[in-house]
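Please keep the sequence and the model open while reading.

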Amino acid sequence: MTLSEVTNISGEVGNFNVTVKEAPRYVDMDKCIACGACTEKCPKKVDSEYDAATGKRKAIYVKYSQAVPLKYQIDGSQCLRLTAMAKGKEKLPCGFCEQVCDAGAINYNDTEKTHEINVGAIVMAPGFEAYDPTNAKVWGFGVYPNVVTSLQFERYLSATGPTEGHLVRPSDGKKVKKVAFLQCIGSRDENTCGNGYCSSVCCMYAIKEAVIAKAHEPGLETSIFYMDMRTHGKEFDQYMERAKNDSGVNFIRCRVNSVEPQGANGDLRLSYVNNAGVQIEEYFDLVVLSVGLETPKHVLELAEMAGIEVTADRFAKTKDFTPVTTTRDGIFTAGAFAGPKDIPQAVVEGSAAAAAVADVLAPARNELTKEAVFPEERNIAGEEPKIGVFVCHCGSNIAGMVDVEAVEAYAKTLPGVAHVERNLFTCSQDAQEGLAVRIKELGLNRVAIAACTPRTHEPLFRETLKSAGLNQYLVEMANIRNHNSWVHDSKEIATKKACDLVRMAVAKVTFSASLAPISVPITQTALVIGGGVAGMTSALNLAEQGFVVTLVEKSAKLGGNALKLDHTWSGEEVAPQVAKLIDQVNWNEKITVFTETEVSAAEGFVGNFKTTLKGKDGVETVIEHGAGVVAVGADAYQPTEYGYGEIAGVVNGIDFDSADKAGKKNFVFIQCVGSREEGHMYCSKVCCTHSVQSAIALKKEDPSRNVYILYRDMRTYAQREKLYREARSLGVMFINYEIHGKPQVTKNGDVIDVQVIDHVLHRPVIIKADMVVLASGIRPKSDFKTLSQMYKISLDGDGFFQEAHAKLRPVDFATDGMFVAGMAHYPKPLEESVAQALAASARAATLLSKLEVTLDAIKAQVDSSKCDGCALCVDVCPYHAISLLEVKATAEGAAPTKVIDVNKAKCKGCGLCQATCPKEGVAVAGFTLQQLSSQVSAALAI
Amino acid sequence: MLDNKKIGSVMIVGGGVTGMQSALDLADAGYYVYLVEKSGAIGGAMAQLDKTFPTNDCSM
């Protein structure tokens, strides 16, 4: 439901009544085919929201060219006709869009609609808005045209943006030579904007924008002005190092307070103190403000209406053990509304919210969803080809450049063609219905569609075939639009090429056969490896959703690393929550727990895994499961530096929690011990917050204590920033050090000397400490490799488990049916582990809730009469889907023969085997040699 | 209790990456989903990004 807003929520968990107000679109979604004729004619230009006001759109527009739904809308506040109508004028202007719309989709009399919807649960994922620096004045945004926001800069870099990716100054179109990024605009700044929190994402996107900008404009100088570089995400630090060392991005630790114009030519002047402590004035062509994220006003109103509480930083209030649960029962939250975060974490929470909803609504699963019902399929085996060809005009998209009548006449001459017709839009609903009628009336047994791309439209035509009782694989598309009318400017040539493409499609579809759907049964149980908070959360959620779960823990006790923690960052006590989780897991009848047990072997594939567990006593148990969750945690680094283990009083962060601090006055924390350095170039993410929390506790207990934190970048990201503020206000001293100037720790009688170079004083200082706390990092476990080999799931360069896609599939493995959660994936704080664990359950549940997985029928098929088992294809298959079988000889005394076998669940239909096979012994269904050679012959037969 | 019967549908408010992921996972697990988006098309803020780390994939 687009253009829609929730205006009221009543009822309670399991049964809410939601009022949704749908604004008029003024365009009939069923009729609009997004040809774009209306936008071309529309005379009214408006700033484009999509381009962050760097470009223009029309009053009738589509948000962006790949929008879903790809349907135009009229901006009622800008449209000349609609504004005149609203004023009650009699003579109405314009109306061009209605005149040019061949589909008749424009409806100026469209009205607002109200829907009452009954749902069991609600997920609030309304997102953020970028901070608007206009009112802050100091950075000159809105005054100097060459000061832009990072979102605008993103649009300038984009090929679909206002300058098609060319980096030129907004003021004069001059090529940009020097660009400055100012960090923390609208973040970590209570004075200018009241946003005390860190927005979490700006450091990383600024580096990305700088690197990409340099790739666009060789020789471009880029400088990032920052307070702390917070690149705490997976592989982010490596990216920053590459930006520094390979791309040559400058990093300057200084908060720039104002932007001044230099003369009248659009140049901008920044005054700052450089890394050596020298006051500098420097000129830039362009200044990019790295704006933070904030919760929009309308979302705060929505939260108030929904009765859910928000934090002091104006994000949805949640708890660390239930990170997607709001303060109102049955309403969940995810994404940037639950705190500023990057894309992967937002996607994780999206899945996590799904899991939390499923926990509540499990009894009602499948009650309201409907399976589409199709008529029985006609058997066309043995029939002579009776091909129907449908030529699409696509409005004027095709018909404007191709003589469609000539194509129609030509198609009629092709062998096997029984029927040809033209449609204004073959994809429109009425044309689809017509297509189904023709198939039935004329007994067509193959269909060729001359229109656009199968990427977007083949699924639609396949459905239409199914609805007409024809096998869905009996359709072929000829792309006479994207590959033809859009790229040629001669009607004669385009028409000729359209005929060629139609001839090829007809030639191929002549030899198409009905393909049976392939499905693989699913064992509806899960195996969760690892009994820490992530593993237990995942297991419990799956069990609550009704699935049988086996939970394996290597040690004797459930709880994992959380057993060593006192408090979460927000101050929640860990021990009682972990004890509760352990209890729930132990008492849940759907969960079987194996402690002191390890995975010793694994085989199988999605829906059908077989894992062997081996107990301490050597007893083996084989578990069959449809999905697996890897939540094996990570290890704490045991320092070998700074006198750890040699000097009494040098401890690590976890030991310090329980250490005796009575009577001690001077404390020094050293950050990044074993993190962010050669061989371990990643941030352990939790140590800054942990040290700051410990420092606060020390000062609160005894304000006369001297507490120092020696850091490289303080990474109290997102809403944790308030802890950093509190520590400073309590008098904790923060001293920055660089990787090449690490502190020196030596024993000096009863005290410990810590020497560090002070970057304000620019000289070494010695702190006499009673205790030195090493914020030691997090390391992958030594047995990750074995597990990775057993399930064929990969590890990243740092040795943690590698997800399928860094942004969009953050809990899936590339191996279907396997998922990752918690610190096994990357160091992370507790609430992020919980969210990822819930997400893993949600992803596993999408699989386990089905009895079988239906697979595309485009798979490799073996012709055992031709395959001689040479096994060349076995080596080239990138999915390890082909194995070599030995077949017993039928005649006595004869040698056994060999033949390959394709695992249909693993095969992706790529065709490498077919291309490799010298004997035509294997072919991909739907792309047989007969089909392809027929198509190629048709292409050459001019 | 009969009157405590739960409804097997969910409303997701917001059609950005987060909301879409939630909607897909819930629909795939057997719940009817209403995805409510304020603007004219789903996609959210990510659709405005040029390229994303680390693959430099186009955000679409």
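## The contact between chains A and B

In this predicted model, the contact draws 67 residues from chain A and 46 residues from chain B. On the side of chain A that touches chain B, at least two residues each come from β1 (4-12), β2 (15-22), β7 (113-119), β8 (121-124), α4 (150-157), α5 (202-216), α8 (343-361) and α20 (830-848) of chain A. The largest share of that side, 11 residues, is supplied by α8(A). Sorted by class, the side of chain A that touches chain B comprises 38 nonpolar, 17 polar and 12 charged residues.

Strand pairing also links the two chains: β8(A) is joined by four bridges to strand β1 (residues 9-13) of chain B, and the two strands run parallel. Within this pairing, A:I122 has B:M11 in β1(B) as its bridge partner.

## Strand pairing within chain A

Three strands of chain A form an open sheet in the order β1-β2-β7, with antiparallel pairing. β1 and β7 of chain A are the edge strands, each of which pairs on one side only, and neighbouring strands of the sheet are turned against each other by 20° on average, direction ignored. Between β1(A) and β2(A), which run antiparallel, there are eight bridges; A:E12 has A:N15 in β2(A) as its bridge partner.

Elsewhere in chain A, strand β29 (residues 608-615) and strand β30 (residues 620-625) run antiparallel and are joined by six bridges, with A:T611 standing opposite A:I623 of β30(A). β29(A) and β30(A) form a hairpin with four residues between them, and A:G618 in the turn has a positive phi of about 90°.

## Backbone features in the loops

A cis peptide bond, with omega of about -5°, joins A:V68 and A:P69. A:P69 belongs to the loop between β5 (60-61) and β6 (73-74) of chain A.

Which residues other than glycine have a positive phi? One of them is A:S200, with phi near 75°, and another is A:E920, with phi near 55°. A:S200 sits in the loop between β11 (178-185) and α5 of chain A, and A:S200 counts as buried because 25 C-beta neighbours lie inside 10 Å, where the cut-off for a buried residue is 20 or more. A:E920 is located in the loop between α22 (912-916) and β47 (922-924) of chain A, and A:E920 counts as partly exposed because it has 13 C-beta neighbours inside 10 Å.

Methods
Residues numbered from 1 in each chain as written. Chains lettered and ligands numbered in written order. Predicted model: local features only at pLDDT ≥ 70, side-chain atom pairs only at ≥ 80, totals over all residues. Contact = placed C-beta atoms within 7 Å. Nonpolar A, V, L, I, M, F, W, Y, C, P; charged D, E, K, R; others polar. Pairing = 2+ DSSP bridges. Axes fitted to C-alpha atoms, helices over the stretch in contact; angles between N-to-C directions. Buried ≥ 20, exposed ≤ 12 C-beta atoms within 10 Å, placed from the backbone.
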